[in-house]
Amino acid sequence: MGVPRMDKKIIVITGASGTGKTTISKHLQNTYHIPSVITHTTRLPRDGEKDGIDYYFETKDSFLKNHYLEKVEYSGHWYGSSEESLNKTWEEYDAASIVVDTQGAISYKEKYGKKAVVIFLRVDLETVTQRLSQRGDDKDRLKMRINSEEFRRDLEIPAELQGKCYEITNDNIENTKKNVNKVLKSEEIK
Ligand SMILES: Nc1ncnc2c1ncn2[C@@H]1O[C@H](COP(=O)(O)OP(=O)(O)OP(=O)(O)O)[C@@H](O)[C@H]1O
Ligand SMILES: Nc1nc2c(ncn2[C@@H]2O[C@H](COP(=O)(O)O)[C@@H](O)[C@H]2O)c(=O)[nH]1
């Protein structure tokens, strides 16, 4: 793969589970035609999720066969994203988005510097718990996730991203979309 052109951007949407990352990546796709880079996971699909659209769903064995730019264990499952998928998207589009935990966001910022536009979504613990429960997440899995070290960690911006990311509080979806729009403008993406 060649070196990506200077003007290519990857919008890295991060924050704790349930803060609205996927909602915003769908908004970028639907409103601005900015595609989302699909990542790989060993967790089972939720109701309505489809292989090759929401994730590439993997077994533990098939997950290990791929080559990843970064991979993490999150609340008992593996997740990983590939450089090849991003480069393929960049062949067709100048900007793409990706939804990852804060460890993944640090990896993208370290690798791509200014090309990686990191948006950290913040929601308070009580609200995010309510939203995940309304999303229909299984009660036991939800309890495990909310109590996981990864989830608690991702409620705050990590030291490595301080001053290097945009922070948006996702209290109200319309305000969040307006703030995302401002980020796109200031980064000259749209
Ligand atoms: N501002 C908002 N107000 C109310 N509900 C919201 C808001 N933003 C997102 N939601 C809802 O909250 C739930 C979680 O959002 P979403 O799935 O986008 O989060 P996520 O960060 O991608 O989660 P995960 O990391 O677990 O995949 C969804 O049901 C979504 O519709
Ligand atoms: N570092 C990475 N994080 C990823 C990747 N794909 C998804 N994620 C993040 O994992 C958690 C859990 O996701 P869920 O769909 O089970 O709720 C969430 O924060 C995702 O953003 C990846 O490839 N790398």
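View 1. Domain 1 (7–35 + 94–183) and domain 2 (37–92) both give residues to the shell around ligand 2, so ligand 2 lies between them; the domain bounds come from an automatic or database domain assignment. Before we go on, please note that this is a predicted model, in which local features need pLDDT of at least 70, side-chain atom pairs count only at pLDDT 80 or more, and totals for chains, interfaces and linings use all residues. Residues are numbered from 1 along each chain as its sequence is written, while chains are lettered from A and ligands numbered from 1 in the order in which they are written. Around ligand 2 there are 16 residues, and the closest are T39, Y79, S81, V100 and G104 (a residue is near a molecule if its C-beta atom, placed from the backbone, lies within 6 Å of it). At least two residues of this shell come from each of β4 (70–74), β5 (77–81) and α4 (102–112); helices (H or I, at least four residues) and strands (E, at least two) are DSSP runs, numbered from the N terminus. By class, the shell around ligand 2 has five nonpolar, seven polar and four charged residues (Ala, Val, Leu, Ile, Met, Phe, Trp, Tyr, Cys and Pro count as nonpolar, Asp, Glu, Lys and Arg as charged, and the others, Gly among them, as polar).

**View 2. Domain 1 touches domain 2.** The centres of the two domains, taken over C-alpha atoms, are 17 Å apart. Here 17 residues of domain 1 are in contact with 13 residues of domain 2, where contact means that the C-beta atoms of two residues, placed from the backbone, lie within 7 Å. On the domain 1 side, β6 (95–99), α4, α6 (139–146) and α7 (149–153) each supply at least two residues. Helix α4 gives the most to this side, with four residues.

**View 3. Ligand 1 has its own shell.** Which residues are closest to ligand 1? They are S17, G20, K21, T22 and T23, among 14 residues that surround ligand 1. The largest share of the shell, three residues, comes from α1. The shell around ligand 1 divides into two nonpolar, nine polar and three charged residues.

**View 4. Helix α1 crosses helix α8.** The axes of α1 (residues 21–32) and α8 (residues 173–186) come within 11 Å and cross at roughly 65 degrees; axes are lines fitted to C-alpha atoms, for helices over the stretch in contact, and angles run from 0 to 180 degrees between N-to-C directions. The two helices, α1 and α8, are therefore roughly perpendicular to each other (65 to 115 degrees). Where they meet, I24, H27 and Y32 in α1 face T176, K177, V180 and L184 in α8.

Conventions. Angles under 35 degrees count as roughly parallel, over 145 as roughly antiparallel, 65 to 115 as roughly perpendicular and the rest as oblique.
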